Amino acid sequence: MSQKIRTKGAQALAEALKALKTMASATILNLQGCEIGDDGARALAEVLKTNSTLTTLDLEGNSIRVNGGVALAEALKTNSTLTTLNLDGNSIGDNGGVALAEALKTNSTLTTLNLFNNKIGDNGGVALAEALKTNLTLTTLNLYNNKIGENGGVTLAEALKTNSTLTALNLGRSSIRDNGGVALAEALKTNSTLTTLDLEGSSIGDNGGVALAEALKTNSNLITLNLYNNKIGENGGVALAEALKTNTTLTTLNLCNNKIGEKGGVALAEALKTNSTLATLNLYNNKIGENGGVTLAEALMTNTTLTTLDLGRNSIGDNGGVALAEALKTNSTLTTLDLYNNKIGDNGGVALAEALKTNSTLTTLNLQNNSIGDNGGVTLAEALKINSTLTTLNLYNKIRENGGVALAEALKTNSTLTTLDLNSNSIGDNGGVTLAEALKTNSTLTTLNLRSNWIGENGGQALAEALKTNSTLTTLDLNSNSIGDNGGVTLAEALKTNSTLTTLSLGLNSIGDNGAVALAEALKTNSTLTTLGLNSNSIWIKGLLAFSEAFKVNLTLTTLHLEGNNTRGNIAQVLLMSLKSKTTLTTLNLGYKSIEDDEALALCEALKTNSSLITLDLQSNTIDGSGAQALAEALKTNSTLTTLYLQNNSIGSNGARALTEALKTNSTLTTLDLQNSSAGDDGAQALSEALKTNAALTTLDLWHNSIGDNGALALAEALKINLTLTTLYLQNNSVGDDGAMALSEALKTNTTLTTLDLWGNSIGDNGAQSLAEALKNNSTLTTLDLWRNSIGDNGALALAELLETNSTLTTLSLGYNSIGPKGAQRLYWVSQTTSCHILK
């Protein structure tokens, strides 16, 4: 029996413990995102020592730290039933990792251990490696986004030489670099059980790529290898291609976001002519060019195993598109072809259309962001009249009315296409009307994207008529089409009888009160629509009043976008107060001059009792300090809201102080966006006090708030104590070098912050040097943005020196500084040998 706990904190823990004590048959316990913390983990660990039924325990996102991790590890030493433990997104750290490793030496039941994003360093990696040498039951180990480094990677490789049970190992973004990659390659030569190896974003480079290629020549069990974003160049690409000529087990190879170039593409094409096992090949963004595209097409003419090929962002051009089209005429295995953003024009589009007339295997074709016009659209439409296998077609291109009309005609007879994306074409009224006619008889299309197509009122009304009888469409995107009130009214009529549509997007359509009233009326009886987008229309008094009435009876709508409408005044307060009893709405967007302080007060009253809303967007309104104070009062009792956007309001320091008081007791809010809200240094200091005790907030955005040195100093003090904040945005705040130095001191001891954005703060060389010094000891920060900070060569040299030893920082932004040739050259050379991506 499975038990999912939906409450938070102490209440969630109490429910979990009760379930384990009273439900004798409970085998699965899901506490994902319940924020039980260390105390909760310790309590669960005590129960696990004697429990004899639980097999799966999901503790993802629970703010469990070292003590909780150690307690759970102790429980595993005696527990004899648990097979799956998910600790994804906690912070058990090195000590927690070491403790779990000790437990694995004696535990004989656990088969799956997920330690994704847990701040485990090389000590924890080494300990887990030692455990794998003797453990005989673990089959899956996920260490993605930890910082086990080269040492951890090398020791795990040693363990794989003797371990005989592990089948899946995820070391993505774990900073193993080329030494770790080479060591793992050596292990693969003798290991006989590992089938899946994920090394995403590990910077193994050409050396690691070449070594893995050598291993693949003899390894006979690996079936999935993920090398996404690893700085593998031509040499690595060519070596992997050579390995594929003899390897007979690998079915999936992901080389997305590397630099194998045309030479690597050509080599892989040669390999595909003889390889008989590879089914999925991802070459997205590898600069293989036209020649690489043509040679891969040639390979597809004889290859009989490849089913998925991603060539997105490779500039294969029309010639590449034409060559692939020729291949599709004879290829009988490829089911998915992604050609996103490849500079394919009408010639390529026409050729691909001709191929679809005879091809009988392709189900998904992505042609987004190419330059296919009406001619290509018309020929693709002709192909759809004959083709009986394609289910998904993305044509975000330059198709106009003729192409739209032709595609509509094709849909009248086509019986396989389920998804058609025509986003940002210009099919116009006639295209919309003919598509509507097609929908009256088409019985397979479920998703239709017509965003930004100049469909207009006539097209909107025609589509509405079609929805009255169509029984398959579930998603319709009509954003930015000027359908107006009449279009809104007719769509509303359709919703009264339609029983399949779940998502309707009508943003930027000049819909006023009449359309809104009609749509609200439809919601009273409609029982399928869950998402309604009405952003940036002209809805006001009558529309808002109608929605407030609809909320009282509608039981299915979960997401409503009203941002950019005139949701202000007494009537708007009626709408907002109706949220008190609205129990299904989870997302409400009222941004962009939708409400003022009076409406904010009404909304806050509703939030005190509302138990469903989790995301509230109030950005770019005219909410001031009093509105923020009201929101703060609501947050003291509200127990469901997790995300609050207040950017571009004027809450001031008083508003920030009020929110501070709420954060001291609120245990559910995880994201607070206060960018450009005039908080000032007083507001920043107040928020800093809250961060010392708050245990839920993970993201705080204070962009452009003039917090200055004093605000930065206060936040730095908070970071020395806070254990939950992972992301802090401080762009454009006049932090200066003193503020940067204070933040640097905090980073020496802080163990949770992963992203720090100091864009535009004039921290200078002194600030950069102090940050570099601090990060020599920090093992958690992965992203640091220092754009526009007056950093010169001295600061650049200090940061370059840091990167030679720091194995956790993956992204460093240094654009628009004053770095000279000396600093730039040093940073360049460091970037070639480290896992950090330097943006300049």
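Lining residues of a pocket are those with an atom within 4 Å of one of its grid points, and the views below use this meaning for a model that is predicted.

**View A. The largest pocket and the elements that line it.**
The space in the largest pocket of this predicted model amounts to about 970 Å³, and of the 32 residues that line this pocket, those closest to its centre are S203, N229, K231, K259 and H837. Three elements, namely α8 (205-216), α30 and β31 (837-839), each supply at least two residues of the lining, and among the contributions to the lining that of α8 is the most, with three residues. Sorted by class, the lining of the largest pocket holds 19 polar residues, eight charged residues and five nonpolar residues.

**View B. The largest cavity and its lining.**
When the whole structure is searched, one cavity of 30 Å³ or more is found, and the volume of the largest cavity is about 70 Å³. The residues that line the largest cavity are N117, K119, N145, N146 and K147, together with T754, S779, T780 and T782. By class, seven residues of this lining are polar and two are charged, while no nonpolar residue takes part in the lining of the largest cavity.

Because the relative accessibility of N817 is 18%, and buried means under 20%, N817 counts as buried. The side chain of N817 reaches the backbone oxygen of L814 at a distance of 2.9 Å. Leaving aside residues up to four places away in sequence, N817 touches L786, W787 and R788, as well as N789, S790 and I791.

**View D. N554 in the loop between α20 and β21.**
N554 is found in the loop that joins α20 (541-551) to β21 (559-561), and N554 is buried, because its relative accessible area is 4% and the limit for a buried residue is under 20%. Two contacts of the N554 side chain with the backbone can be followed in this view: the side chain reaches the backbone oxygen of L523 at 2.8 Å, and the side chain of N554 also reaches the backbone nitrogen of T556 at 3.0 Å.

Methods:
Residues are numbered from 1 along each chain as its sequence is written. This is a predicted model: local features need pLDDT of at least 70, side-chain atom pairs count only at pLDDT 80 or more; totals for chains, interfaces and linings use all residues. Side-chain values use heavy atoms; hydrogens and water are left out. Buried means under 20% relative accessible area, exposed over 50%, partly exposed in between (1.4 Å probe, protein chains only). A polar contact is a pair of N or O atoms within 3.5 Å; within protein, one must be able to donate a hydrogen and the other to accept it, and residues adjacent in sequence count only if both atoms are side-chain atoms. Contact means heavy atoms within 4.5 Å. On a 1 Å grid over the protein atoms alone, a cavity is a set of points where a 1.4 Å probe fits but cannot get out, and a pocket is an open set with protein on both sides within 12 Å along at least five of seven lines; lining residues have an atom within 4 Å of a point. Grid points are joined across faces, edges and corners, and a volume is the space filled by probe spheres set on the points. Helices (H or I, at least four residues) and strands (E, at least two) are DSSP runs, numbered from the N terminus. Ala, Val, Leu, Ile, Met, Phe, Trp, Tyr, Cys and Pro count as nonpolar, Asp, Glu, Lys and Arg as charged, and the others, Gly among them, as polar.
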